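Below are some notes on the strand order and helix packing of this entry. Please read them against the model.

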Amino acid sequence: MAECDQNCSSCGESCGERKPEPDLKARLHEYSSVKKTIAVVSGKGGVGKSLVTAMTAAGMSRRGYKTAILDADLTGPSIPKVFGVTDKATGSEDGIFPVLTKGGIRLMSINLLLENESDPVLWRGPIIAATVKQFWSDCIWSDVDFMFIDMPPGTGDVPLTVFQSLPIDGILVVTSPQELVSMIVEKAVKMANMMNVPILGLIENMAYYMCPDCGAKHSVYGESHAQKTADQYGIPVLAQIPIDAKIAEACDEGLIELLPAEWLKGAEDRLVALLEKET
Ligand code: ADP
């Protein structure tokens, strides 16, 4: 047995001195109810994670589910902008009220609390992670079927806190063909396994460009490896999204809810199955 350094968190021995694990779980507000919590992750920034979060939430809302988004990407929050939401969040003694989009999706993002949305968040990791926990616990998320968490890219403080403290029902992994897809998926799969959270599937963004004149599909970033990689880890490719100027325009104009995103049907069906399995 190695010499004791009094740090039980880094030791696997079950000796008589062992201290109980701290309870890291964040509790929902007493007025909140959330049926399924879905984390949307990516290996690096700029692959379209926020876009996929927003379009999937909009799709589920169109299908009639009560939907919410918790923007955990505090240093790069883009969720309010793609929905064209500029109202600030309000609160009462009871808690904070998420802001509603035009289509009725409930949002919470640091940009709904900052006076100027261009102000940078210059906080260290633990403060950011604690703020995300507060978004979960102090907001009143009443009657939500699907809560989407737009995670910061990578495997830093915030993803770790979210996986340890929130009851995540499934992960959607967003990739793009330029990425080293297999390495990113491997990291996500390993992190999810370590945290006991199931990966629902892979969504490949910017997968191809469809020529508006002749309808031919072009692999702008080379051939996709998404299916091969997904097969290797036994997870499905749920959707492939093309590069499309309509998508960028809808994001810039705050009209993402009006974009009919039939590309995400596979991901939406998977979420419906997840909900129905337990109802
Ligand atoms: P991430 O959350 O991964 O950092 P975003 O979802 O914010 O990335 O996307 C970055 C930018 O790329 C957005 O401004 C969006 O308009 C644009 N974009 C993402 N995916 C596409 C696409 N498939 N077609 C056109 N523009 C896209």
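**Sheet and helix packing**

1. Eight strands form an open sheet with mixed pairing, in the order β5-β6-β2-β7-β1-β8-β9-β12. The edges are β5 (99–100) and β12 (237–240); each has a single partner strand, so one side of each is left without a neighbour in the sheet. The model is predicted.

2. Ile-203 has Ala-239 of β12 as its bridge partner.

3. Helix α3 packs on this sheet, where it touches β1 (34–42), β2 (67–71), β6 (106–108) and β7 (144–150). The direction of α3 makes about 155 degrees with that of β2.

4. α3 (residues 125–138) also packs against helix α4 (residues 157–165), at an angle of about 35 degrees and with the axes 9 Å apart. The crossing is right-handed. On the α3 side the contact involves Gly-125, Pro-126, Ile-128, Ala-129, Val-132 and Lys-133; on the α4 side, Asp-157, Val-158, Thr-161, Val-162 and Ser-165. Six of the contact residues are nonpolar, three polar and two charged.

5. A further helix pair is α1 (residues 49–62) with α8 (residues 265–277): their axes come within 10 Å and cross at roughly 60 degrees, which makes α1 oblique to α8. This crossing is right-handed.

6. Which residues make the contact between α1 and α8? Thr-56, Gly-59 and Met-60 of α1 meet Glu-268, Leu-271 and Val-272 of α8. By class, three residues of this contact are nonpolar, two polar and one charged.

How values were computed. Residues numbered from 1 in each chain as written. Predicted model: local features only at pLDDT ≥ 70, side-chain atom pairs only at ≥ 80, totals over all residues. Heavy atoms only, no water. Axes fitted to C-alpha atoms, helices over the stretch in contact; angles between N-to-C directions. Helix = DSSP H or I, 4+ residues; strand = E, 2+ residues; numbered from the N terminus. Parallel < 35°, antiparallel > 145°, perpendicular 65-115°, else oblique. Left-handed = near helix turned anticlockwise from the far one by under 90°. Contact = heavy atoms within 4.5 Å. Nonpolar A, V, L, I, M, F, W, Y, C, P; charged D, E, K, R; others polar. Pairing = 2+ DSSP bridges.
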